[in-house]
Amino acid sequence: MPLVSLRQVLDEAAKGKYGIGAFNVNNMEQIQAIMEAARETQSPVVVQASRGARSYSQDNYLFHLMIAATELNPEIPIVMHQDHGNSFETCQSAIKLGFTSVMMDGSLKEDGKTPTTFEENVEVTRRVVEYAHERGISVEGEIGVLGGVEDGHGAGGSGLEHLTDPDQAVEFAMRTGVDALAVAIGTSHGAYKFSKKPDGSVLKMDLLIAIHHRLPNTHLVMHGSSSVPQNLQDIVNKYGGHLKQTWGVPVEEIQLGIKNGVRKINVDTDSRLAITGAIRKLLAESPEKFDPRDYLKPAREAMKKIVVQRMREFGQATHSGDYEAIPLSEMAKRYASEMIAK
Ligand code: 13P
């Protein structure tokens, strides 16, 4: 099937009461790892690329790899999503390239660092929604500001500085018409999220639940949702890495989120750790090897393993065959006739 819209995949996930992992990619091996995991678990999936990923891989390479993914997996619904678009132009260029979903992160200015005002965020997000929906493309917005920095994008900090205000979330969703809403509940991008296993003082699941109660029909998005498993940290460190001890978002908290309106769960760091651990191990144990395939194959396998696990834990496994793709032209008509609820 062709690439599908995020809105369709998340509407289906809401019906089935499960979550969808959105996995970041920069290269062929990561796309292959995700697609092999999706095939093995029969999962619909979101593949996402940040601005940094688009410039690293170059748009055309990336896009054609995604087309290859659809050709080789015609039975799997695949969304191609722009992660953290920083401007109308970034989102527009993604849509022109063929992405079926964009995130307009209007919580930060175009520099990707400085928080915006609420009105600035509404303004730029609404503009992207108008442009995208005319073409049947989905839009994710963000209200509140996440912590940490990812690929040069982010305000930094712990994630507690700019938590989402539930009243603002309601107003933002109404005024912008976004298909999915990223909320700031104490998570942050990268490996260093929490200095001990997080409790309610740093990971605000109560806030997420309050937002869901106010916006029961809005698909919520959890960013910074790698769990940073201890075993992956240990492998990296055993074979020469120097990661400081750290804690991510426990899977049970994500599952609590899924029971409370979270439909899209962003994961990047766990894949990076799995890949790096596998490469370090192979090269440490077989220093005579120099064919990149010797370390990229176990790296791809290690990423696939963690993605399979997450697909099962998030509940998307077994759901790839539940529905046919709605063409983007049909999505555009539905937005125009307001058949798709805001
Ligand atoms: P992690 O760094 O926790 O994997 O988060 C990734 C993310 O939120 C991408 O937008």
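Student: OK, which residues of α11 and α12 meet?
Tutor: On the α11 side they are Asp270, Ser271, Ala274, Ile275, Ala278, Ile279, Leu282 and Leu283, and in α12 they meet Asp294, Tyr295, Leu296, Pro298, Ala299, Ala302, Met303, Ile306, Val307 and Arg310. Contact here means heavy atoms within 4.5 Å, and helices (H or I, at least four residues) and strands (E, at least two) are DSSP runs numbered from the N terminus. By class, the contact has 14 nonpolar, 1 polar and 3 charged residues, where Ala, Val, Leu, Ile, Met, Phe, Trp, Tyr, Cys and Pro count as nonpolar, Asp, Glu, Lys and Arg as charged, and the others, Gly among them, as polar.

Student: Before I go on, what kind of model is this?
Tutor: It is a predicted model, in which local features need pLDDT of at least 70 and side-chain atom pairs count only at pLDDT 80 or more, while totals for chains, interfaces and linings use all residues. Residues are numbered from 1 along each chain as its sequence is written, and side-chain values use heavy atoms, with hydrogens and water left out.

Student: Back to that helix pair then, at what angle do α11 and α12 pack?
Tutor: Helix α11 (residues 269-285) and helix α12 (residues 292-314) pack at about 145°, with their axes 8 Å apart. Axes are lines fitted to C-alpha atoms, for helices over the stretch in contact, and angles run from 0 to 180 degrees between N-to-C directions.

Student: Changing topic, in what order do the barrel strands come?
Tutor: The 8 strands close into a barrel in the order β1-β2-β3-β4-β5-β6-β7-β8, with parallel pairing; two strands pair if DSSP finds at least two bridges between them. Neighbouring strands of this sheet are turned by 25° against each other on average, direction ignored. As one example, β1 (residues 20-24) and β2 (residues 45-49) pair in the parallel sense over 3 bridges, with Val46 in β2 as the bridge partner of Ala22 and Gln48 in β2 opposite Asn24.

Student: Is β2 mostly covered or uncovered?
Tutor: Mostly covered, since 5 of its 5 residues are buried, where buried means under 20% relative accessible area, exposed over 50% and partly exposed in between (1.4 Å probe, protein chains only). Val45, Val47 and Ala49 point one way from β2, whereas Val46 and Gln48 point the other way. In a regular strand the side chains alternate between the two faces of the sheet.

Student: And what does Val46 touch?
Tutor: Leaving aside neighbours within four places in sequence, Val46 is in contact with Leu6, Ile20, Gly21, Ala22, Phe23, Val79, His81 and Lys264, and its relative accessible area is 0%. The C-alpha atoms of Val46 and Asn266 are separated by 9.2 Å, although these residues are 220 apart along the chain.

Student: What about Gln30, which residues does that one touch?
Tutor: Gln30 is found in helix α2 (residues 28-41) and is buried, with a relative accessible area of 4%. Not counting residues up to four places away in sequence, Gln30 touches Asn24, Val25, Ile275 and Met303. Ile275 belongs to α11 and Met303 to α12, and both take part in the helix contact we began with.

Student: Now α13, which residues are buried there?
Tutor: In α13 (residues 328-336), Met331, Ala332 and Tyr335 are buried. They cover an arc of only 100° around the axis, which puts them on the same side of α13; the arc is that of the directions from the helix axis to the C-beta atoms. Ser329, Lys333 and Ala336 are exposed on the other side of α13.

Student: What do the buried residues of α13 pack against?
Tutor: They pack against α1 (6-16), α6 (118-133) and β5 (138-143). Helix α6 in turn lies across β4 (101-104) and β5, running at about 175° to β5.

Student: Last one, where are Gln58 and Val228?
Tutor: Gln58 is in the loop between α3 (51-57) and α4 (59-72), and Val228 is in the loop between β7 (219-222) and α9 (230-238). Neither is a glycine, yet phi is positive in Gln58, at about 70°, and in Val228, at about 45°. Gln58 is partly exposed, with a relative accessible area of 47%, whereas Val228 counts as buried at 3%.
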